[in-house]
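Work through the exercises below with the sequence and the structure at hand. Each task is followed by a solution in steps.

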Amino acid sequence: CNLCKYLNKLFNIGDRGSVENSKFIIKEYFLANLIIIINEKLYNNYIQNVCFKIVKLICINANIKNEFIENGMIHLLKKSMDCHCTDKNIQEIICRIIQCFSLEPVNKPKLIEANLLDSLKRSMSIFVNDNSIQLRICTVLWTLAINDQNKIIIVKHGFLKLIKQTLINHINDVQIQISINATLWSLSMNPSNKLLVIKLGFLKLIKKTLLIHKNSS
């Protein structure tokens with residue numbers, strides 16, 4: 001995949017892409033080609049991973065994110081996430097992209113409408129003991145939940161029980177605990193969700209977490 005190799009070199013994977021390089025890719029129609037590659041090479045783990053790293057690097061402003069979404073990127077994220085449901089690297093980079101897209105308020109409902117919650121829920125269950133995946137998904141839920149309708153939908157999908165299990169399994173991981181508490185705070189802005197959070201025993205667990213991490217900065 002020569003295009004992937006070229007783009008990989010252009011952006012020096014691991015560094016944030018520049019606005020100039022992003023505009024160059026849009027201008028030279030690489031965006032469209034990138035989407036074609038992701039779709040045609042759906043079952044190739046390596047190419048999926050490289051392409052999604054590039055997507056994450058160039059999604060640095062709302063206009064570029066919109067370009068990707070208009071060209072069907074959300075649908076491709078779900079396809080790849082479902083196809084490579086046991087590939088940790090692909091799951092993690094896609095979670096990063098979802099979070100990036102969800103930072104724009106207009107995208108939050110679009111991500112939910114694409115049924116990405118089902119894919120996130122599966123990944124959360126498969127990688128139940130993986131710190132990095134749990135952190136990424138909890139962070140995604142946090143950003144998606146900054147939307148009144150999304151708060152209701154996330155809870156209806158049964159995420160509170162999964163979040164509770166993550167809180168228990170990773171109680172010594174301060175970053176996961178911070179992300180979970182932020183997610184619970186956001187979800188609890190809905191009165192019905194607030195009652196459910198209390199009913200599921202989160203207050204006792206949060207108290208325990210605070211005691212464990214009382215010396216954390």
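**Exercise 1. Find the residues that Gln134 touches, leaving out those up to four places away in sequence, and describe the setting of Gln134.**

Step 1. Contact means heavy atoms within 4.5 Å. By this rule, and beyond four places in sequence, Gln134 touches Met124, Phe127, Val128, Thr166, His170 and Ile176.

Step 2. The model is predicted: local features need pLDDT of at least 70, side-chain atom pairs count only at pLDDT 80 or more, and totals for chains, interfaces and linings use all residues. Residues are numbered from 1 along each chain as its sequence is written, and side-chain values use heavy atoms, with hydrogens and water left out.

Step 3. Gln134 is part of helix H10, residues 131–144. Helices (H or I, at least four residues) and strands (E, at least two) are DSSP runs, numbered from the N terminus.

Step 4. Gln134 counts as buried because its relative accessibility is 0%. Buried means under 20% relative accessible area, exposed over 50%, and partly exposed in between (1.4 Å probe, protein chains only).

Step 5. A polar atom of the Gln134 side chain lies 2.9 Å from the backbone oxygen of Met124.

**Exercise 2. Which residues have the most contacts inside the largest nonpolar core?**

Step 1. A nonpolar core is a set of buried Ala, Val, Leu, Ile, Met, Phe, Trp, Tyr and Cys residues joined through side-chain atoms within 4.5 Å.

Step 2. The largest such core has 60 residues, and Phe68, Met73, Phe101 and Leu120 have the most contacts inside it. Helix H7 (residues 88–102) gives the most to this core, with 8 residues.

**Exercise 3. Why do the buried residues of H9 line one face of the helix?**

Step 1. List the buried residues of helix H9 (residues 116–126): Leu116, Leu117, Ser119, Leu120, Ser123 and Met124.

Step 2. Seen down the axis of H9, these buried residues fall within an arc of 160°, so they line one face. The arc is that of the directions from the helix axis to the C-beta atoms.

Step 3. The buried residues of H9 pack against H6, H7, H8, H10, H11 and H12.

**Exercise 4. How many disulfides does the structure hold, and how far is the sulfur of Cys138 from the closest cysteine sulfur?**

Step 1. A disulfide is a pair of cysteine sulfur atoms within 2.5 Å. The structure holds 0 of them.

Step 2. The sulfur of Cys138 is 10.0 Å from the closest cysteine sulfur, in Cys95, which is too far for a bond.

Step 3. Cys138 counts as buried because its relative accessibility is 1%. Cys51 counts as buried at 0%.

**Exercise 5. Is Asn44 buried or partly exposed, and where does it lie?**

Step 1. Asn44 lies in the loop between helix H3 (30–40) and helix H4 (45–58).

Step 2. With a relative accessible area of 31%, Asn44 is partly exposed.

Step 3. The side chain of Asn44 reaches the backbone nitrogen of Tyr46 at 3.1 Å.

Conventions: A polar contact is a pair of N or O atoms within 3.5 Å; within protein, one must be able to donate a hydrogen and the other to accept it, and residues adjacent in sequence count only if both atoms are side-chain atoms.
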